[in-house]
Amino acid sequence: MSFLTVTYAVLFYAATAILIGGLAYKISVYARTPAPLKIPTTPAPTTTSGVVMRMGREVIFFESLFKSSKWTWLFGWMFHISLALVLIRHLRYFTEPVWFWVSWLQPFGKYAGFFMVLGLLGLWSRRVLVDRVRYISAPSDHLILALLVGIGITGLSMKFVAHTDIVSLKAFMLGLMYFDWQPLPADFNLLLHLLLVAVLMIIFPVSKLLHAPGVFFSPTRNQVDNPRETRHLAPWAAPLDSSSAE
Amino acid sequence: MADYETPKLLADVPVVVVPNIKPGAMSHSSPYVAKPDHNIPLGFPGELVENWQEAAIAKMGDILQKYRSIQVYLDSCVKCGACTDKCHYFLGTADPKNMPVARQDLLRKVYRRYYTFAGKYFPKLVGATDLTREVLDDWYSYYHQCSECRRCSVYCPYGIDTAEISMAAREILDSIGYGQKYCNEIIAKVHKIGNNLGLPGPALEATLEDLEDDIKTETGVDVKLPLDQEGADILLITPSADFFAEPHIDGLIGYAKVFHAAGLSWTLSSYASEAANFSMFIGSYDNMKRQAERIRKAALELGVKRIMVGECGHAWRAAYSFWNTLAGVGHGAAEDDKYARMLQKQLDPNYPVPQHICESTYDLIRSGAIKLDKSANDHRRVTFHDSCNVARASRMGDMPGGQFIIPREVIKAACNNFFDMAPETIHEGTFCCGGGGGLLTDDLMEVRVKGALPRMQALKYVVDEHKVDTLAAICAICKTQFAKVLPYYDFPMHMILSVHQLVGDAVILGSND
């Protein structure tokens, strides 16, 4: 087994552990922390199914962002939808046989990569050109965009410029999953692509990428508007009642 | 205080132009600091404690464990910029720290430094900073340039609510003895006397008697404003401004006329003589609960069946969204919740608790229990200002958005000439009056005047377009703020009215005799 294969195998195990462990930790913190007051941004749904719909519109269509800024919505939505298609397409490197719906989405996923990079460049240009957005940008905001653009371009170059040895890559990935390591092709584009992906996985739980789980826990979006009908009480607030009851 | 000019209004457009940023434009703005007399009754240290840095960071940790909103919002912002042009204080001042995301970042950069891996080890990369005196003073300045109006939260893809962040920041500031005089002094008055104005029972009684005389003189009808009347059906909790001055007091007269015309049994309370709950503005759960419990206690003592709330924006948020949680003033407490059930079993399940005065008036109009003569307001051309806490933090009626429909239906039932302002400046997109969130104080006049700009621009458009001469509102803070800032923008001060003044002028008295 080459040094390169071992390095990448270890890197991916570590990155996966950090991604899953880190996200699980963060999600458990969000889930454990109570929301002591009813604070949905109104008008808000008055039923749980209404909240599911609201959250669905938020997560799938970016409803609030659409109200807010059409350009940011356009670039942001284009990026995220394309990313979803690209990720689905990548399932073919982790499944044997490939699931039918993954094959079905394959042609869309193939070209979605272009829109993904286009969306990212649109977002990045706003970050540079709009004075307000430039003001709020930290170095990490630019670097995350650079990272994602890097992943997109290295990925596209393997699909549309210089093909990599995809059969060996798939063997490597399946080998990682079944703890039966197979050699990784030493292709520069591929190695860079995989390295950047591993970095993305590692920074995910310690960066603003936490918006992905965060949105589901946002009290302004996930609470039912029924404070007059039901008494809502946080565990830490309940004892205050007895201490002050006459 | 630096000299400043009132921003200029544009011709023929309802919305202002988004300005280019001017860093530091409002860094001089800072309200008077609370003194020990204001702080101690609220349970806060009298003045800035010696170990403030350590104490502030510890308090932040405490809040992070108690409030999911803060934990999630400090982590989730991606700096997309969607909120950057949504705050009226940014639009009016161009100071970039008045952009919601930048205001949040004042707290977030300290959170990152002390509570996140990235900020501990790579502070420069993620924009994390130590909590220095300079940062603390920035907090004090800019968290008192936020009216907690939640407009930004409507437009944020994650629903990040800067109001929550400002409340948390003010809670931290209070916990180290660096609170704001205006809010804390007022809250201390409520704890001691029962209302923001510090109006004691006898003075209140005298005021109400005077008002009864005024109504009698004006209409010839004996309209009562009962106080502390045990066994009344309805307890009305209204902002104490309603007892004090124009245009508020005409709203109170309006409520009384409606109750009279409908033949309802009601009372005010001298113990719970305040609907406002400024403890919400400073994010203090304990003080907010103490204030809300005055309403619970008064309702229990008076034995009322219904609890109604007068025209006040943040008070309606506190009442609608929080009273049930804080003091069991609502319905639906669990079987074993003795504390809440003590009051709830006394309340009439056929009515929402608390109920907004507009909800009640709307029902009375629809059921024909009161009759209005619209022509009484024919000399007025009216528009309506959606108050932020009503619009984005509460509801009226039984369907989402009822808080927009019901006040408008009440107005339209009371007058013939109604014109809405531009769609992007009303309903959930409404612009704050500029004086909410504990900023309604003379030491913040510049930020109040400039923050009113987007609302004034929308108003100018309907004034020019439809000859509107009356701005109706259902919030004591909005009314006070408008009375003060309208003249800065060359509008007459008296164009601001209570919705229930319009109703009071139109309602036909004696129809129930």
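Predicted model: local features only at pLDDT ≥ 70, side-chain atom pairs only at ≥ 80, totals over all residues.
Helix axes here are lines fitted to C-alpha atoms over the stretch in contact, and angles between them run from 0 to 180 degrees between N-to-C directions.

**Stop 1: chain A.** Select chain A and switch to cartoon. Now colour by burial: of the 246 residues in chain A, 33% are buried.

**Stop 2: a helix pair in chain A.** Select residues 100-129 of chain A, which is helix α5, and then residues 139-160 of chain A, helix α7. How far apart are their axes, and at what angle do the helices pack? The axes are 9 Å apart and the angle is about 155°. Angles over 145 degrees count as roughly antiparallel, so α5(A) is roughly antiparallel to α7(A). The crossing is left-handed.

On α5(A), pick residues including Phe114(A), Val117(A), Leu120(A), Leu121(A) and Trp124(A). Facing them from α7(A), the contact residues include Leu145(A), Leu148(A), Val149(A), Ile153(A) and Leu156(A). Gly113(A) of α5(A) takes part too, as do Gly152(A) and Gly155(A) of α7(A). Colour the contact by class and you get 12 nonpolar, four polar and four charged residues; Lys110(A), Arg127(A), Asp141(A) and Lys159(A) are among the contact residues as well.

**Stop 3: chain B.** Chain B has 23 helices and seven strands. With a radius of gyration of 23 Å, close to the 24 Å that the globule rule gives for 513 residues, chain B is as compact as a globular protein of that length. The C-alpha trace of chain B spans about 75 × 60 × 40 Å along its principal axes. Run the burial colouring again: 63% of the 513 residues of chain B count as buried. In chain B, 79% of contacts between residues at least 6 apart in sequence join residues at least 24 apart.

**Stop 4: where the chains meet.** Bring chain A back and select the contact between the two: 67 residues from chain B and 63 residues from chain A. Which element gives the largest share of the chain B side? Zoom to residues 68-76 of chain B: that is helix α3, and it supplies six residues. By class, the chain B side divides into 30 nonpolar, 21 polar and 16 charged residues.

Technical notes. Residues numbered from 1 in each chain as written. Chains lettered and ligands numbered in written order. Helix = DSSP H or I, 4+ residues; strand = E, 2+ residues; numbered from the N terminus. Parallel < 35°, antiparallel > 145°, perpendicular 65-115°, else oblique. Left-handed = near helix turned anticlockwise from the far one by under 90°. Contact = placed C-beta atoms within 7 Å. Nonpolar A, V, L, I, M, F, W, Y, C, P; charged D, E, K, R; others polar. Rg over C-alpha atoms; globule rule 2.2 N^0.38 Å. Buried ≥ 20, exposed ≤ 12 C-beta atoms within 10 Å, placed from the backbone.
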